[in-house]
Amino acid sequence: MILNRYPFLHFSLRTKSIAIFILLVTLPSLLIGNVILSRYDAVLRQQYIDAMEKNLNTIELNLSEKTKAIEDLSNYMIYQENFRRFMETPTTPGNMVQMNKDQTTIEGFIAFQIMSKVYIKSISLEGVGGNQLQMGEPVKGLEQSWTDLAQQRRGGVIWTDSYQLESGWTGNKRVVSMVRVINSFDNPSRTVGKVIVRLDESEITDLLMSAVPQDQGSIFIVRPEGSVVLHQNQNLIGHPYPSDALLSQFHGGLSKKVSSLKEDGASYVVFSQPMKSTGWYIVAMVKDQTIVQKTEAIKASLKFLILIILIFGLIALIGFEFAMIRPMLELSKQTSKLKKGDFSAQVKVRSRDEVGELGRQFNNMVMTIKELIDKKYKLEIRQKESELRILQSQMDPHFLYNTLDMIRWTARLEKAAETSQLIETLSLFFRMGQNSGKRYTTLPEELEFVQAYLDLQQKRMGSKLQFTLHMEEELNHAVLLKKIIQPLVENSIKHGFKRGGGRIEVRCYMAEQDVLIEVVDSGVGFAKTKLEVIRQVLQDRIGDEGIMNHAICNIHERITLEYGEGYGIELPSEPHYAGACVRIRLPFQMSAQEEKR
């Protein structure tokens with residue numbers, strides 16, 4: 001009933017996981033990402049606007065400081081007696097000394113101002129008495145309209161628009177000047193002269209361009225009525241700015257410091273900053289696209305971060321597919337096979353977590369069921385076959401030993417003592433080789449087994465075969481695996497003595513806590529290439545099947561499996577003889593009875 005109420009529960013695990021990924025990972029990531037991008041875009045845009053307003057405020061303070069300094073300079077000329085006397089007193093022989101003193105004082109003062117204020121290019125003084133003085137760059141040009149306007153203002157400060165003069169030093173130069181009539185301090189209605197202080201336009205332009213580079217928009221200065229004071233486009237200077245939308249803001253007093261404007265098909269953000277000292281406005285028009293580009297890199301990083309989240313979510317889904325869904329589907333498939341009676345059903349276990357444990361338990365269950373069936377129908381037959389093989393393996397050696405014993409006694413009866421001795425040695429060799437199925441033997445017993453083998457081979461080869469067996473006394477009770485020395489001795493005879501005979505020496509001694517057994521012969525030895533191949537096989541335990549079946553490799557594998565890494569066969573590079581040297585390294589072990597003693 002609950003299942004019918006929730007159809008979603010009938011879906012497969014794969015469908016459920018994909019649906020969960022889409023609903024709980026993909027859609028929320030996209031939604032949250034869009035919200036963050038929109039909000040972040042607004043925040044970054046506001047930060048840019050705040051930074052621009054701060055820059056314009058700094059520029060305004062800088063320009064106001066410069067203009068205020070120039071106006072203070074003109075005020076100083078009004079109150080300073082040297083300036084007034086120089087401008088209103090005609091030069092005559094009677095006052096020449098005094099006028100020279102005044103001019104020297106004025107020149108020193110103006111020189112100091114020009115040197116300390118690099119934005120001042122020249123200063124001109126002209127008095128009603130006919131005295132004139134110009135310092136700084138020698139310039140000339142049309143300035144009459146501005147001096148006429150200054151006369152009308154009767155001592156008020158006049159700031160000119162940007163205009164061009166001809167400099168005697170640098171050629172054509174654009175300046176912004178302060179023109180002012182100097183009135184008498186005693187009688188303010190009486191004019192005594194005029195002063196023109198010229199500022200380098202490039203100094204102002206560079207300051208403005210630091211806030212708005214040319215490729216990002218434009219920045220200029222206008223008067224309150226909209227007339228352009230300074231602009232990159234010199235044709236606009238002295239005329240109203242050619243934008244009705246912007247002019248309407250000027251007429252409204254530019255109440256908004258930040259506004260939007262469309263001009264020539266492009267969108268701009270307009271910033272305005274009033275200058276208290278002159279009444280001008282610093283206007284910055286920044287392309288809307290510029291602000292977008294400023295935030296584009298950060299928004300691209302956010303988009304990349306969202307993409308990374310989605311990719312990791314997809315990787316998590318794929319990981320869930322391989323870690324959970326596929327093993328469960330595989331378990332379901334194998335369960336269906338078992339249900340149909342196919343006991344070959346097995347789950348591939350790829351992990352050690354709960355899912356992997358479930359697969360292992362399923363495999364164990366299948367094996368248990370199969371074993372129970374085998375036990376019921378096959379166990380008794382297999383037990384009988386096993387008993388038969390064991391009985392046969394026990395009968396064959398006894399038959400061989402009894403036969404050899406009968407032949408030995410027959411040889412004695414026929415008085416063939418040497419033949420009887422050979423048969424007795426051979427019987428001893430076989431008995432020691434069987435050793436009642438034991439895996440271990442003592443080192444003296446192993447050497448006795450080797451002695452029996454070498455005695456038989458010496459009877460066959462005669463004096464061509466010479467051998468010695470040496471064992472340190474402290475190894476009398478050492479225990480080791482059976483039949484690990486005799487195959488090496490046999491190899492020396494079969495492969496080392498191809499020219500007819502030689503000498504074999506078996507040496508057993510202690511080296512710290514290890515037992516070393518060396519089988520050294522005077523035969524042909526190992527070929528260099530074969531020696532390297534055998535060493536590689538001993539190290540990697542893989543190689544050519546013919547080499548892997550070699551007695552050296554078989555013994556090495558037995559020792560390594562029994563005693564662990566670090567033990568086994570070693571092939572020294574410089575044997576004591578011209579032939580081959582094979583060394584066996586074993587841990588020193590004693591029998592339990594000897595350890596108790």
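How much of the accessible surface of the protein belongs to carbon and sulfur atoms? The share is 55%, out of an accessible surface of about 35400 Å².

## Overall makeup

This is a predicted model. The protein has 597 residues, and 40% of them count as buried. Its secondary structure comprises 17 helices and 19 strands.

Contacts across the sequence come next. Among contacts with a separation of 6 or more, 60% join residues 24 or more positions apart.

## Cavities

Two cavities of 30 Å³ or more turn up in a search of the whole structure.

## Lining of the largest cavity

The residues lining the largest cavity are L63, K66, T67, W159, V176, L199, I204, I221, V229, L230, M275 and W280. Two elements, α2 (13-79) and β9 (228-230), each give two or more residues to this lining. The largest share, three residues, comes from α2.

By class, 10 lining residues of the largest cavity are nonpolar, one is polar and one is charged.

## Lining of the second largest cavity

L443, A478, V479, L480, V515, I517, L586 and P587 line the second largest cavity. Here the elements that give two or more residues are the strands β15 (479-481), β17 (514-521) and β19 (581-587).

What classes of residue make up the lining of the second largest cavity? Eight are nonpolar, with no polar and no charged residues.

Conventions
Residues are numbered from 1 along each chain as its sequence is written. This is a predicted model: local features need pLDDT of at least 70, side-chain atom pairs count only at pLDDT 80 or more; totals for chains, interfaces and linings use all residues. Side-chain values use heavy atoms; hydrogens and water are left out. Helices (H or I, at least four residues) and strands (E, at least two) are DSSP runs, numbered from the N terminus. Buried means under 20% relative accessible area, exposed over 50%, partly exposed in between (1.4 Å probe, protein chains only). Contact means heavy atoms within 4.5 Å. Accessible areas come from the Shrake-Rupley method with a 1.4 Å probe; for residues, only the protein chains shown count as cover. On a 1 Å grid over the protein atoms alone, a cavity is a set of points where a 1.4 Å probe fits but cannot get out, and a pocket is an open set with protein on both sides within 12 Å along at least five of seven lines; lining residues have an atom within 4 Å of a point. Grid points are joined across faces, edges and corners, and a volume is the space filled by probe spheres set on the points. Ala, Val, Leu, Ile, Met, Phe, Trp, Tyr, Cys and Pro count as nonpolar, Asp, Glu, Lys and Arg as charged, and the others, Gly among them, as polar.
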